[in-house]
Amino acid sequence: MSEIQNEIKKRRTFAIISHPDAGKTTLTEKLLLYGGAINLAGSVKGKKTSKHAVSDWMEIEKQRGISVTSSVLQFKYNDCCINILDTPGHQDFSEDTYRTLMAADSAVMVIDASKGVEAQTIKLFKVCLLRRIPIITFINKMDRDAKNPFELLEDIENVLGINTCPINWPVGSGKEFKGVYDRNKKKLLMFTANNGQKEVDSETLSLDAPELKEYINQYQMQELYDDIDLLEGAGDSFDLEAVRAGKLTPVFFGSALTNFGVEPFLEKFLEITTSPLPREADCGIIDPVQSPFSAFVFKIQANMNKAHRDRIAFMRICSGKFEKDMEVYHVQGERKMHLSQPQQLMAQEREIVDEAYAGDIIGVFDPGIFSIGDTICTANNKFKYRGIPTFAPEYFALVRQKDTMKRKQFVKGTTQIAREGAIQIFKELDAGMEEVYVGVVGTLQFDVLKYRLNNEYNVEIIMESLPYKFIRWIGNKDIDPKKLDLASDTKRIQDMNGNNLLFFTSYWSIDWALEHNKGLILEEFGNSQGF
Ligand code: G4P
């Protein structure tokens, strides 16, 4: 096996998603602990205290206790090299989560056992299904009062529309949570609490082992036997093909805080998931091992380091090997270049990388040349990966600067924030950017815009919310939008590429436009950023 092949085989790249407070940070931390990347539990998290989590860069995240941006961590476990992509925990940022999922080969969905799938996170989790990648479920906080495990499975199936297959089963819950039953090995793994530090002590027992009495009482034992009987009769059986196609989610129960069930989860996870698979590009399928270096940009993040006002473009390597000083080709920019200060996050440290392989994520300094979805490859093997679709915005506002002297900063700020994919911007037909129409998927994005313009660009804004709900690009290139016969509540607008589009307040006005303008083509998606 060649060095490249060997390295790529070791890679696992997954995104971790959850609703806020379900335990994503705690689980990530425990995974790092097992990988030996950190030594002490508590060093990653602590959002609500003055220390802030590694992944929480922005002030606004600290203030609100939510994770707005996503970060990447790498650690080694046994012979695997694992890349974890953190995602925002709020559904208003589900587009960001989707982009991160584009860079991942699988996803771990963390669910709070006492809450199940929460209404406000359905949208976030459903984004996962769109990508058709394996989704592994970790039902966390079993050490607290939890819902019935069967109910939790039903919840996932009904609300998310994905079949479930429990890989292990909890032995008790709340204070009585003592371990997990491995359905495949037909063995019990009983844990001994140790305050959540280091690897937890565990004992493997068979179902009829006399020592079991030391952990659980007669009543709990009977309940476990009954559950196991029920599970054998009902539920989906494990089908690796269905898992890899994103149609069946393997479910694990555990408690990240007390470290119960984390390591068995990690081990099985590595077995179920694959190393990077081939990806589709405009020239065909790109093999991760056979093809030379290629990557695409899935995230652009400003302000990683407040002192330096830097912008980092995160790239997922899809094929081959990256070497620090190599010459690469930026397809959309149509030019050869060297990637500046390529770096990786190893637990808490940002490190300059000398080499990286397919499956890895590198962050490079971005002087403002990259856009989301851009392909980077080698000059003698040029191609483009499929772009990352933008979500149709659902909320709209008219934004202008309070102080007209700040026009330059206002234009720069809104354009850059839009380029990062944090908002979508539009303008009046044939107008400049005195005022900007902003479209977002979730209203929290408006808060981020306001905060960032103020903090990073020193611009105060006035934001007027607008009643529009739907956006459609005009597909006909030869139509003058001013000549269209439209309902009075429809707005003619342009994206930054000069493409014409319409804002609507209802489906009724969309129908009106189509009925009154023969041959009009309205498209739901466009490359609205158009940079
Ligand atoms: P998030 O990243 O998904 O938002 O969640 P995070 O890990 O920050 O966890 C949210 C809260 O839930 C934290 O408590 C954390 O300690 C707790 N938690 C996480 N996993 C478990 C678990 O398995 N069992 C129990 N009982 N609690 C868990 P907090 O009070 O917000 O913070 P702290 O006071 O513990 O620092």
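Two strands are taken as paired if DSSP finds at least two bridges between them. This briefing applies that criterion to a predicted model, in which W169 has Y181 in β8 as its bridge partner.

**Antiparallel sheet**
- Four strands, in the order β7-β8-β9-β10, make up an open sheet with antiparallel pairing.
- β7 (168–171) and β10 (201–206) are the edge strands, each pairing on one side only.
- From one strand to the next, the twist averages 25°.
- β7 and strand β8 (residues 179–182) run antiparallel and are joined by four bridges.

**Ligand surroundings**
- The ligand has 19 residues around it, of which D21, K24, T25, T26 and D143 come nearest.
- Helix α2 (residues 24–34) gives the most to this shell, contributing three residues.
- By class, the shell divides into eight charged, seven polar and four nonpolar residues.

**Polar contacts and cover of the ligand**
- A backbone N or O atom of K24 is 2.8 Å from an oxygen atom of the ligand, and a backbone N or O atom of G23 lies 2.9 Å from an oxygen atom of the ligand.
- S255 places a polar side-chain atom 3.0 Å from an oxygen atom of the ligand.
- On its own the ligand has 700 Å² of accessible area, and the protein covers 78% of that area.

**Residue Q91**
- Q91 lies in the loop between β3 (80–86) and α4 (94–102).
- Q91 counts as buried because its relative accessibility is 19%, the cut-off being under 20%.
- Q91 and F125 are 34 residues apart along the chain, and their C-alpha atoms are separated by 8.6 Å.

How values were computed: Residues are numbered from 1 along each chain as its sequence is written. This is a predicted model: local features need pLDDT of at least 70, side-chain atom pairs count only at pLDDT 80 or more; totals for chains, interfaces and linings use all residues. Side-chain values use heavy atoms; hydrogens and water are left out. Helices (H or I, at least four residues) and strands (E, at least two) are DSSP runs, numbered from the N terminus. Buried means under 20% relative accessible area, exposed over 50%, partly exposed in between (1.4 Å probe, protein chains only). Axes are lines fitted to C-alpha atoms, for helices over the stretch in contact, and angles run from 0 to 180 degrees between N-to-C directions. A residue is near a molecule or strand if one of its heavy atoms lies within 4 Å of it. A polar contact is a pair of N or O atoms within 3.5 Å; within protein, one must be able to donate a hydrogen and the other to accept it, and residues adjacent in sequence count only if both atoms are side-chain atoms. Accessible areas come from the Shrake-Rupley method with a 1.4 Å probe; for residues, only the protein chains shown count as cover. Ala, Val, Leu, Ile, Met, Phe, Trp, Tyr, Cys and Pro count as nonpolar, Asp, Glu, Lys and Arg as charged, and the others, Gly among them, as polar.
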